[in-house]
Amino acid sequence: MRRRITTIAVTAVAAAAMALGRASTASAVGGGDTIRGHYASQADCQAAGAAGAAAHIWSPLFICQPFAAQPGVYELRVRY
């Protein structure tokens with residue numbers, strides 16, 4: 001009986017450690033977005049994102065958002 005309890009406890013600790021390792025890796029990687037360029041306008045950014053998606057370079061899920069460090073600049077974030 002003691003051997004079974006020890007085996008179950010060791011298995012539970014190992015499973016918890018694996019789950020924590022996966023969670024920390026996923027949070028370190030982020031949402032999976034990659035910056036692919038900076039553009040002077042929202043329209044230029046959208047056009048570049050659509051062109052890359054149409055050419056199957058990245059997925060159709062892309063985001064054009066204002067670049068915080070420079071007003072008036074948009075960064076293209078894509079998912080592969």
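Predicted model: local features only at pLDDT ≥ 70, side-chain atom pairs only at ≥ 80, totals over all residues.
Student: Which residue is the bridge partner of Y39 in β3?

Tutor: The partner is Y74.

Student: Why is S59 called buried?

Tutor: Buried means under 20% relative accessible area. S59 has 19% relative accessibility, so S59 counts as buried. This residue is found in the loop between α2 (42-54) and β2.

Student: What does S59 touch, leaving out residues up to four places away in sequence?

Tutor: S59 touches A53, R79 and Y80.

Student: Why is the pair R79 and D33 called a salt bridge?

Tutor: The rule asks for a side-chain nitrogen of Lys or Arg within 4 Å of a carboxyl oxygen of Asp or Glu. For R79 and D33 the N to O distance is 2.9 Å, so the pair meets the rule. R79 lies in the segment after β3 and D33 in the loop between α1 (2-29) and β1, so the pair ties together parts that are 46 residues apart in sequence.

Student: Are R79 and D33 buried, exposed or partly exposed, and what makes them so?

Tutor: Partly exposed lies between the cut-offs of under 20% for buried and over 50% for exposed. R79 has a relative accessible area of 35%, so R79 is partly exposed. D33, with 29%, is partly exposed as well.

Student: How many salt bridges does this rule give?

Tutor: The count comes to two. One of them joins the side chains of E75 and R77, at 3.1 Å from N to O. That value is within 4 Å, so this pair also qualifies.

Student: Which term applies to E75, and which to R77, buried or partly exposed?

Tutor: E75 has 5% relative accessibility, which is under 20%, so E75 counts as buried. R77 has a relative accessible area of 23%, so R77 falls between the cut-offs and is partly exposed.

Note on methods:
Residues numbered from 1 in each chain as written. Heavy atoms only, no water. Pairing = 2+ DSSP bridges. Helix = DSSP H or I, 4+ residues; strand = E, 2+ residues; numbered from the N terminus. Buried < 20%, exposed > 50% of the residue type's maximum accessible area, 1.4 Å probe, protein only. Contact = heavy atoms within 4.5 Å.
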